[in-house]
Amino acid sequence: MPKPYIQEYISINDIPDSFFTELGCDQSFYFSKLFLASFEEAHSTINYHYLVFLSNEKPIAIAILQQLCVSLENISKNLPYYLKVATTVKSYFNSKKTHILVCGNVFLSGQYGLWIKEGTNRINIFDLLSQKLRSLQNTTKASVCLLKDFNSSQNNAASSAQKQHFQPFTVAPNMRIKVVWNNFENYKDSLKSKYRIKINKADTTSKALIKKSLTALQIRNHQEILKKLYLNVASNASFNTAIIAIETYALLKERFPNNVYFDTYSKNGKIVGFKTAFVTAGLLTAHYIGLDYAINKTDAIYPRMLNDYLRLGLLLGVKDINLGRTASEIKSTLGAIPEHLTCYIKNRRTVANVLFKPFVHAIKMTEYKQHHPFKK
């Protein structure tokens with residue numbers, strides 16, 4: 001096979017539709033042209049780049065890149081004390097903004113930055129990709145370049161990026177439930193008593209909440225309150241790469257009505273929370289949520305949402321539910337187990353990259369208690 005080469009695009013609409021068909025990702029949801037266009041259209045402050053890998057003028061892979069400014073200030077919370085106090089580390093992480101180039105989708109948890117056509121040598125693609133990212137990092141002046149979210153089955157090929165001085169580090173795991181039940185009652189019957197009581201309590205405490213599924217028009221009509229509720233949650237996160245625009249969901253709901261779920265929770269006629277989910281290929285993926293924390297304390301909005309994610313997955317007959325990477329302990333009480341993820345990072349400046357290698361390796365995710373709620 002001739003050596004692959006890369007063709008660059010700055011808008012998803014510039015890429016020929018035939019490329020997506022040739023790659024086999026035109027029906028894939030997460031790598032379809034309309035899905036990617038929805039994120040690009042809703043986030044004008046992010047610069048998008050798309051790399052199409054070709055051989056014999058035929059596409060064999062596509063990489064999705066996003067360039068944005070982020071604050072790394074809260075990352076230092078995850079460093080050990082002796083590293084946190086180092087002057088150079090504090091000044092680096094506390095700088096106002098950092099230009100970052102990401103291979104992946106900053107709004108998704110998982111490997112959604114690279115689609116490789118079946119039968120293509122994955123290591124060769126990662127070798128070429130990491131070389132290209134190193135070059136782009138210089139031309140775009142991005143201080144940091146990030147390859148994100150590879151699970152154990154994907155990491156063998158991704159680790160080849162270390163040849164270009166990308167440094168690996170672990171991030172909080174996705175919490176996933178393998179579905180083996182026919183309905184919610186069967187699921188509850190499989191739980192130990194104290195965990196079943198916890199599930200029932202969440203439903204009882206939240207019984208005053210009214211759940212409603214929104215259309216694209218309704219999402220737009222309630223955009224202000226939805227944004228406020230989302231920012232409540234986002235502001236509590238230890239680190240946020242970017243803030244998602246609510247318009248993203250309206251676009252996705254219009255284009256993928258059977259794959260996108262957007263539910264609000266109301267009390268006394270007022271929206272006090274919402275949850276979102278994507279469903280495709282037997283997998284339900286919990287996406288962003290929004291909460292009124294005062295009502296959450298009295299009416300258990302978040303525990304109810306988790307129960308409803310399970311109900312939805314069971315109703316749709318999915319085989320796997322991905323509850324995402326926050327609040328790991330409470331998700332483990334539902335039976336979720338961690339899917340560990342590795343990212344690769346590189347500073348544009350060689351000296352800085354060497355200097356920060358021990359600090360990157362020292363970043364640790366918050367530990368949590370893993371529960372085992374099922375009967376033996």
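Four strands, β5 (114-116), β7 (167-178), β12 (320-322) and β13 (337-347), each contribute at least two residues to the lining of the second largest pocket in this predicted model. Among the contributors, β5 gives the most, with 3 residues. The space within this second largest pocket amounts to about 490 Å³. Its lining comprises 25 residues, of which Y30, F31, Q111, Y112 and Q154 are the closest to the centre. Sorted by class, the lining of the second largest pocket consists of 9 nonpolar, 11 polar and 5 charged residues.

Helix α8 (residues 193-205) meets helix α13 (residues 301-316) at an angle of about 110 degrees, and their axes are 8 Å apart. Because angles of 65 to 115 degrees count as roughly perpendicular, α8 is described as roughly perpendicular to α13. On the α8 side, the contact is formed by I199, A202 and D203, while α13 supplies P303, R304, N307 and R311. By class, this contact of α8 with α13 has 3 nonpolar, 1 polar and 3 charged residues.

The protein has a mean pLDDT of 90, and 88% of its residues reach 70 or more. Over residues 78-90, by contrast, pLDDT stays under 50. For that stretch, the model has 23 contacts beyond four places in sequence.

Terms used
Residues numbered from 1 in each chain as written. Predicted model: local features only at pLDDT ≥ 70, side-chain atom pairs only at ≥ 80, totals over all residues. Heavy atoms only, no water. pLDDT = per-residue confidence, 0-100. Contact = heavy atoms within 4.5 Å. Axes fitted to C-alpha atoms, helices over the stretch in contact; angles between N-to-C directions. Parallel < 35°, antiparallel > 145°, perpendicular 65-115°, else oblique. Nonpolar A, V, L, I, M, F, W, Y, C, P; charged D, E, K, R; others polar. 1 Å grid on protein atoms, 1.4 Å probe; cavity = no way out; pocket = protein on both sides within 12 Å on 5 of 7 lines; lining within 4 Å. Points joined across faces, edges and corners; volume = space filled by probe spheres on them.
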